[in-house]
Structures are given as structure tokens and as C-alpha cells.
Amino acid sequence: MLVLLFTAGETVYGIKSKDLTEVVPFMNLISVPQAPHYLRGIFNYRGNNIPVIDLGVIINNKLTENVLSAKILVVKLNFSGEEKTIGLIVKRINEIVRIDDDKLSDPSVVIKEAKFLGKVFTHVNRLIQLIEVSSIISDEIKTLLFSERV
């Protein structure tokens with residue numbers, strides 16, 4: 001499988017290419033008043049306004065700076081049987097690697113509050129953990145982002 005390696009905070013993580021729609025430059029976002037701190041704003045992606053979540057905040061409670069190396073990973077999530085699009089801000093894109101499924105192993109520690117942390121693999125003498133896009137935000141947050149306005 002192909003895996004995109006990226007930096008969030010100071011750590012390198014991976015995301016399966018099948019979960020990734022596109023990588024776009026970090027751009028000015030429209031802020032959402034009273035939003036949780038991980039929701040950095042919204043932007044227009046191919047005619048649709050999509051919410052943008054800061055992975056730096058989700059992973060280690062630090063905002064990702066809007067610098068040239070920062071990117072937005074556009075990904076799809078399932079919400080109530082529908083496919084929804086969100087953006088994930090990362091500090092930097094590192095590289096794309098090919099990993100055989102048999103090289104993946106379960107992490108030795110599982111944190112209930114970090115369900116999005118998936119299997120691990122070794123690449124260039126470094127342990128990399130996959131991010132599970134389907135679990136990056138809780139059902140409660142999905143409801144906040146995608147529920148129809150009344």
C-alpha cells in the first residue's frame with residue numbers, strides 16, 4: 001500500500017493513500033466563531049465549503065503555523081451513511097512510501113481518547129504510526145460539523 005508520511009507537531013505519521021483525496025496548500029480559512037479550538041475554519045474546495053481540523057491540536061494540543069510547508073490533507077469520512085469531506089492541517093509533507101501489509105504491526109499502547117492512532121511500521125529506522133481517518137474525529141464532532149441546520 002502507498003502511505004503519505006507527514007509531520008504533525010514534531011512527530012511523523014502516515015496516512016493511507018486510499019484515504020486521501022488531495023493535498024492542498026495551507027490557505028487563509030474563514031474562521032468559525034465559538035468553534036472548538038481544533039476547528040481552524042472552513043474553505044471552499046471545488047465548490048463545497050469544508051471544515052478544516054488542525055491535526056497538531058488533535059494530536060498534541062498545538063496549533064499548526066500557517067507557513068509555506070504546512071498543507072491541508074483533503075480526506076473523506078463516513079457520517080450517517082454519507083461520505084463527507086474534511087481538511088486536515090499538517091505541518092509538512094515528508095514523502096510517499098510503499099509498505100507491505102505484513103510490515104504493519106499493532107501498537108503496544110492503545111489510548112481510548114486517541115482511537116485514530118492505527119498500526120505502526122518501521123521506515124528508515126523510525127517507527128511511524130498510521131492515522132485512521134475514519135476515527136480522527138469523534139461521532140459527536142461529526143454531528144457538530146455535518147448536521148443540517150434547523
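A residue counts as buried when its relative accessible area is under 20%. Ile 86 has 0% relative accessibility, so Ile 86 is buried. That gives a starting point for a walk through this structure, which is a predicted model.

Ile 86 lies in strand β7. What does Ile 86 touch, leaving aside its neighbours within four places in sequence? The contacts are Ile 50, Pro 51, Ile 53, Leu 73, Val 74, Val 75, Leu 77, Ile 136, Ile 137 and Phe 146. Thr 21 is 65 residues away from Ile 86 along the chain, and their C-alpha atoms are separated by 9.9 Å.

Strand β7 also holds Leu 88. Its relative accessible area is 1%, so Leu 88 is buried too. Beyond four places in sequence, Leu 88 touches Ile 53, Leu 55, Lys 71, Ile 72, Leu 73, Val 75 and Ile 136. Val 74 is 14 residues from Leu 88 in sequence. In space the two are 6.5 Å apart, C-alpha to C-alpha.

Now take the loop between β10 and α2, where Ile 137 lies. With a relative accessible area of 3%, Ile 137 is buried. Its contacts, again leaving aside neighbours within four places, are Ile 53, Leu 77, Ile 86, Lys 142 and Leu 145. Met 27 makes a contrast in distance. Ile 137 and Met 27 are 110 residues apart in sequence and 22 Å apart in space, C-alpha to C-alpha.

These residues belong to a wider group. The largest nonpolar core has 26 residues. Which of them touch the most other members? They are Phe 6, Ile 53, Leu 73, Ile 86, Leu 88, Ile 136 and Ile 137. Several elements each supply at least two residues of this core: β1 (2–8), β2 (11–16), α1 (55–60), β6 (71–79), β7 (82–90) and α2 (139–146). The largest share, four residues, comes from β6. A second, separate core has 10 residues, including Phe 26, Phe 43, Ile 50 and Val 74.

Phe 43 leads on to the aromatic rings. The structure holds two aromatic pairs. In one of them, Phe 43 and Tyr 45 have ring centres 6.2 Å apart. Their planes stand at 65°, so the pair is edge-to-face; the cut-off for that class is over 60 degrees. Both Phe 43 and Tyr 45 are buried.

Leaving aside neighbours within four places in sequence, Phe 6 is in contact with Thr 11, Val 12, Tyr 13, Gly 14, Ile 15, Leu 55, Leu 73, Val 90, Arg 92, Ile 93, Asn 94 and Ile 131.

The strands come next. Strands of a sheet pair through backbone hydrogen bonds, either parallel or antiparallel. Here, five strands form an open sheet in the order β8-β1-β2-β10-β9, with mixed pairing. Which strands form the edges? They are β8 (92–98) and β9 (117–123), and each pairs on one side only. From one strand to the next, the twist averages 35°.

Follow the pairings across this sheet. β1 and β2 run antiparallel, joined by six bridges. Leu 4 has Ile 15 in β2 as its bridge partner. The two strands form a hairpin with two residues between them. Gly 9, in the turn, has a positive phi of about 70°.

From β2, the sheet continues to β10. These two strands run parallel, and two bridges join them. Tyr 13 stands opposite Gln 129 in β10. Is β2 enclosed or open? Five of its six residues are buried, so β2 is largely enclosed by the rest of the structure.

Asp 54 is found in strand β5 (residues 48–54). How is Asp 54 placed, buried or exposed? Asp 54 is buried, because its relative accessible area is 0%. Leaving aside neighbours within four places in sequence, Asp 54 is in contact with Tyr 38, Arg 40, Lys 62, Leu 63, Thr 64 and Ile 89.

Terms used:
Residues are numbered from 1 along each chain as its sequence is written. This is a predicted model: local features need pLDDT of at least 70, side-chain atom pairs count only at pLDDT 80 or more; totals for chains, interfaces and linings use all residues. Side-chain values use heavy atoms; hydrogens and water are left out. A nonpolar core is a set of buried Ala, Val, Leu, Ile, Met, Phe, Trp, Tyr and Cys residues joined through side-chain atoms within 4.5 Å. Buried means under 20% relative accessible area, exposed over 50%, partly exposed in between (1.4 Å probe, protein chains only). Contact means heavy atoms within 4.5 Å. Two strands pair if DSSP finds at least two bridges between them. Axes are lines fitted to C-alpha atoms, for helices over the stretch in contact, and angles run from 0 to 180 degrees between N-to-C directions. Rings of Phe, Tyr and Trp (its six-membered ring) pair if their centres lie within 6.5 Å; planes under 30 degrees apart count as stacked, over 60 as edge-to-face and the rest as tilted.
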